[in-house]
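Visitor: Could you walk me through this structure and tell me what stands behind the words used for it?

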Amino acid sequence: MEESNGIITEEEENATEINEIEQSKVRLMRAFVEREDPSVKEVDDLMIRRFLRARELDIEKASTLFLKYLSWRRSIIPNGFISPSEIPNELAQNKLFMQGVDKQNRPIVVVFGARHKPYKGGLEEFKRFVAYTLERICARMPAGQEKFVSIADLEGWGYTNSDIRGYLAALSILQDCFPERLGKLFIVHVPYIFMTAWKVVCPFIDSKTKKKIIFVENKKLRSTLLGDIDESQLPDVYGGKLSLVPIQDD
């Protein structure tokens, strides 16, 4: 860096320019969506920026997505939050955990695919569970952080766990209602038969999300995870120091 000489590098100049463009577009988009939905006044600029980034800073496309999100939120989270009593079957499966942070200070979420039982609870409860989970993850973000990382562990996954409708619903909620929240997804202990489900879901994953997904070979599991997560923050099931904490526990 040439900062000590008082010289601003080209990279810093570009970053400043991009930041100014984003700030300008955030203001324009806020003005537009507030006319359509006055409740937007309660939303911070970071949320509007995430929707803009998800649509390559296209104000019209980002606004359409954002207004659709507000409508979705009113229908699925009418009280402003989802109570555990609304998702008893999903929580009972004990399949999703959150503890620790990676080297970029992003919270770590672990989900066990073989514990998912699509025949219990039904699709609507599962959608509420996905929304509940993402709301809790976002509420527990460290200061200054917007993204989380996830480890999807498919050890023991079989056809009884396969839930294409559920996977597509979760993907839609993540991409359309919580854009730019996923930082990275490690898919581990992948059985061969899972790839049949993956081939169905994959075309629905947008290009930005696809770049964040990493299939990890079993023999490289620990070394891959340690590349992003310190041992002190790695879940103990992967040889780290932290115990798993269910998402519903504080």
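Predicted model: local features only at pLDDT ≥ 70, side-chain atom pairs only at ≥ 80, totals over all residues.

Visitor: Why is Glu 90 called buried?

Guide: Buried means under 20% relative accessible area, exposed means over 50%, and partly exposed lies in between (1.4 Å probe, protein chains only). Glu 90 has a relative accessible area of 1%, so it counts as buried. Its place is in helix H4 (residues 88-92); helices (H or I, at least four residues) and strands (E, at least two) are DSSP runs, numbered from the N terminus.

Visitor: Which residues does Glu 90 touch?

Guide: Contact means heavy atoms within 4.5 Å. Not counting residues up to four places away in sequence, Glu 90 touches Lys 95, His 116, Lys 120, Gly 122, Glu 125, Phe 126 and Phe 129.

Visitor: What makes Asp 236 partly exposed?

Guide: Its relative accessibility is 37%, and therefore Asp 236 counts as partly exposed. You will find Asp 236 in the segment after helix H9 (221-228). Leaving aside neighbours within four places in sequence, Asp 236 is in contact with Leu 242, Ser 243 and Leu 244.

Visitor: And why does Leu 65 count as buried?

Guide: Because its relative accessibility is 7%. Leu 65 belongs to helix H3 (residues 59-76). Leu 65 and Cys 177 are 112 residues apart in sequence, yet 8.0 Å apart in space, C-alpha to C-alpha. With neighbours within four places in sequence set aside, Leu 65 is in contact with Phe 51, Arg 55 and Asp 176.

Visitor: How do you know that strand S2 is largely enclosed?

Guide: Five of the six residues of S2 (residues 107-112) are buried, so the rest of the structure largely encloses this strand.

Visitor: What makes S2 a partner of strands S1 and S3?

Guide: Two strands pair if DSSP finds at least two bridges between them. Four bridges join S1 (residues 96-101) to S2, and these two run antiparallel; Val 101 stands opposite Pro 107. S1 and S2 form a hairpin with five residues between them, and Asn 105 in the turn has a positive phi of about 70°. S2 and S3 (residues 148-153) pair in the parallel sense over five bridges, with Val 111 opposite Ala 152.

Visitor: How does the chain cross from S2 to S3?

Guide: The chain goes through H5, and this β-α-β crossover is right-handed. The term means that, with the strands pointing away from the viewer, the path from the first strand over the helix to the second runs clockwise.

Visitor: Which residues of H5 and H6 meet?

Guide: Leu 123, Phe 126, Lys 127, Val 130 and Leu 134 in H5 meet Arg 165, Gly 166, Ala 169, Ala 170, Ile 173 and Leu 174 in H6. The residues of this contact divide into eight nonpolar, one polar and two charged. Here Ala, Val, Leu, Ile, Met, Phe, Trp, Tyr, Cys and Pro count as nonpolar, Asp, Glu, Lys and Arg as charged, and the others, Gly among them, as polar.

Terms used. Residues numbered from 1 in each chain as written. Heavy atoms only, no water.
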